[in-house]
Number of protein chains: 2
Amino acid sequence: MKLYDRSASGNCYKVRLFAALAGITLDIVPVDFAAGEHRHPPLSEWNPLGQLPILRDGTHTLRDSQAILVYLAGIQGDADWWPSHAAAQAEIMQWLSFAANEVQHSLCAARLVLKFDAPLDHAWALKRSSSVLEVLDRHLLEQPWLALGHPTIADCAVFPYVVLAPEGGIDLTPYGHVAAWIARMRQLPGFLPPPA
Amino acid sequence: MKLYDRSASGNCYKVRLFAALAGITLDIVPVDFAAGEHRHPPLSEWNPLGQLPILRDGTHTLRDSQAILVYLAGIQGDADWWPSHAAAQAEIMQWLSFAANEVQHSLCAARLVLKFDAPLDHAWALKRSSSVLEVLDRHLLEQPWLALGHPTIADCAVFPYVVLAPEGGIDLTPYGHVAAWIARMRQLPGFLPPPA
């Protein structure tokens with residue numbers, strides 16, 4: 001399986017992190033993002049949204065980091081990461097949406113401004129980031145992992161832009177339960193460190 | 001099962017629409033959104049993000065419209081709406097993320113400004129809405145439904161804010177394949193019309 005990848009991308013790191021934790025071997029294909037390779041065929045046909053990562057398994061193509069997590073966990077068959085029953089999938093799904101919506105438009109946006117000069121409102125992203133981290137911190141006060149009491153793809157979807165938040169000018173020190181969760185993530189066998 | 005609902009919300013309509021199509025009976029509990037009922041217990045404890053819909057099945061609580069779709073389709077057991085194998089779930093998941101991220105921060109945002117005076121940038125939302133509708137229109141040129149060649153929860157997650165887009169000042173007439181998909185949705189047995 002080929003992962004079309006940008007090393008600095010938190011969305012790509014979601015997939016690389018899960019693959020490392022689950023023992024899945026991916027063939028990493030670096031994409032020349034600065035040259036706009038993702039905006040030209042074949043990548044622009046594989047993902048018309050013009051985003052990375054993209055996964056190719058034979059001729060089967062997938063965009064979106066959350067969808068790729070569902071795919072990889074599903075074909076790998078370890079039910080701990082992505083169980084098959086409705087209540088468990090829905091509990092995880094809450095956090096996949098949280099990653100795609102709330103985290104993307106707060107922590108990720110703040111980092112895009114400071115690290116990649118994205119034309120987004122940094123003050124607005126910081127304000128939203130505080131709310132997101134407060135919700136996360138309160139949740140992690142009550143349980144060690146985001147869903148089901150053990151590591152799942154929910155943790156892999158949310159972790160990257162949280163651990164990378166300082167690159168967006170966000171101080172994580174007020175969020176002690178988030179920090180403890182980050183430490184637990186780092187202890188997982190096979191853990192892959194975030195991009196430097 | 002109780003759905004804590006706001007009738008004008010497209011996210012709540014996602015759930016009501018799917019329940020109608022799948023023949024699932026929900027006990028609709030209207031929430032006094034204007035009075036901030038969602039920001040006080042018990043709703044604020046059930047969903048610390050302060051959003052609707054919220055589903056309660058006995059004492060089991062779920063937030064996030066996409067997660068609720070996964071739950072309802074999963075417990076209902078009709079594999080057409082949400083199949084059990086990895087490739088099919090991942091194909092649908094691409095569109096659940098698209099609903100939570102791209103659609104929410106374009107078509108939905110534009111409507112929030114015009115209909116509910118939300119303090120968001122309408123020009124920015126309109127620009128993003130064009131990209132979102134172009135991607136959708138090109139996709140629907142090639143296939144009748146968003147995923148798997150038949151109606152799934154992907155269609156239920158994306159449809160509401162598309163059909164409600166004119167309330168955000170968006171003209172859908174340039175997007176003929178989107179219009180044809182809307183017409184197909186309206187023909188599905190049990191279809192529930194969008195909020196007026």
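These notebook entries set out what I looked up in a predicted model with chains A and B.

**Conventions.** I number residues from 1 along each chain as its sequence is written, and chains are lettered from A and ligands numbered from 1 in the order in which they are written. In this predicted model, local features need pLDDT of at least 70 and side-chain atom pairs count only at pLDDT 80 or more, whereas totals for chains, interfaces and linings use all residues.

**Entry 1: the core.** I began with the largest nonpolar core, which has 122 residues. Such a core is a set of buried Ala, Val, Leu, Ile, Met, Phe, Trp, Tyr and Cys residues joined through C-beta atoms within 7 Å. I took a residue as buried if 20 or more other C-beta atoms lie within 10 Å of its own, exposed if 12 or fewer, and partly exposed in between, with C-beta atoms placed from the backbone. The largest share of this core, 14 residues, comes from helix α4 (residues 86-116) of chain A. Helices (H or I, at least four residues) and strands (E, at least two) are DSSP runs, numbered from the N terminus. The residues with the most contacts inside the core are A:I153 and B:I153.

Which residues does A:I153 touch, not counting residues up to four places away in sequence? I found A:F18, A:L69, A:V70, A:A73, A:W81, A:W82 and A:I92. Two residues are in contact here if their C-beta atoms, placed from the backbone, lie within 7 Å.

**Entry 2: chain B against chain A.** I next looked up the contact of the chains, which takes 28 residues from chain B and 27 residues from chain A. On the side of chain B that touches chain A, α4(B) gives the most, with 12 residues. The elements of chain B that give two or more residues to this side are β4 (60-63), α3 (65-76), α4 (86-116) and α5 (122-142). By class, I noted 13 nonpolar, 11 polar and 4 charged residues on this side of chain B. Ala, Val, Leu, Ile, Met, Phe, Trp, Tyr, Cys and Pro count as nonpolar, Asp, Glu, Lys and Arg as charged, and the others, Gly among them, as polar.

**Entry 3: the domains of chain A.** Chain A is divided into domain 1 (2-76) and domain 2 (86-187), with bounds from an automatic or database domain assignment. Their C-alpha centres lie 20 Å apart. I found 10 residues of domain 1 in contact with 11 residues of domain 2. On the domain 1 side, α1 (10-22) and α3 (65-76) of chain A each supply at least two residues. That side has 6 nonpolar, 3 polar and 1 charged residues.

**Entry 4: a pair of helices.** I then turned to helix α6 (residues 153-163) and helix α7 (residues 176-187) of chain A, whose axes come within 11 Å and cross at roughly 115 degrees. Axes are lines fitted to C-alpha atoms, for helices over the stretch in contact, and angles run from 0 to 180 degrees between N-to-C directions. From α6(A), the residues A:D155, A:F159, A:V162 and A:V163 meet A:V178, A:I182 and A:M185 of α7(A). I counted these by class as 6 nonpolar, no polar and 1 charged.

**Entry 5: A:L146.** Is A:L146 buried or exposed? A:L146 counts as buried because it has 26 C-beta neighbours inside 10 Å. I located A:L146 in the loop between α5 (122-142) and α6 of chain A. Leaving aside neighbours within four places in sequence, A:L146 is in contact with A:W95, A:A154, A:D155 and A:V158.

**Entry 6: backbone points in chain B.** Most residues other than glycine have a negative phi, and most peptide bonds are trans. I looked up the following exceptions. A cis peptide bond joins B:P41 and B:P42, with omega about 5 degrees, and B:P42 is in the loop between β2 (27-30) and α2 (43-46) of chain B. Another cis peptide bond joins B:L52 and B:P53, with omega about 5 degrees, and B:P53 is found in the loop between α2 and β3 (54-57) of chain B.

B:D64, which is not a glycine, has a positive phi of about 80 degrees. B:D64 lies in the loop between β4 and α3 of chain B and counts as buried, with 27 C-beta neighbours inside 10 Å. For B:L148, phi is also positive, near 65 degrees. I found B:L148 in the loop between α5 and α6 (153-163) of chain B, and B:L148 counts as partly exposed because it has 16 C-beta neighbours inside 10 Å.
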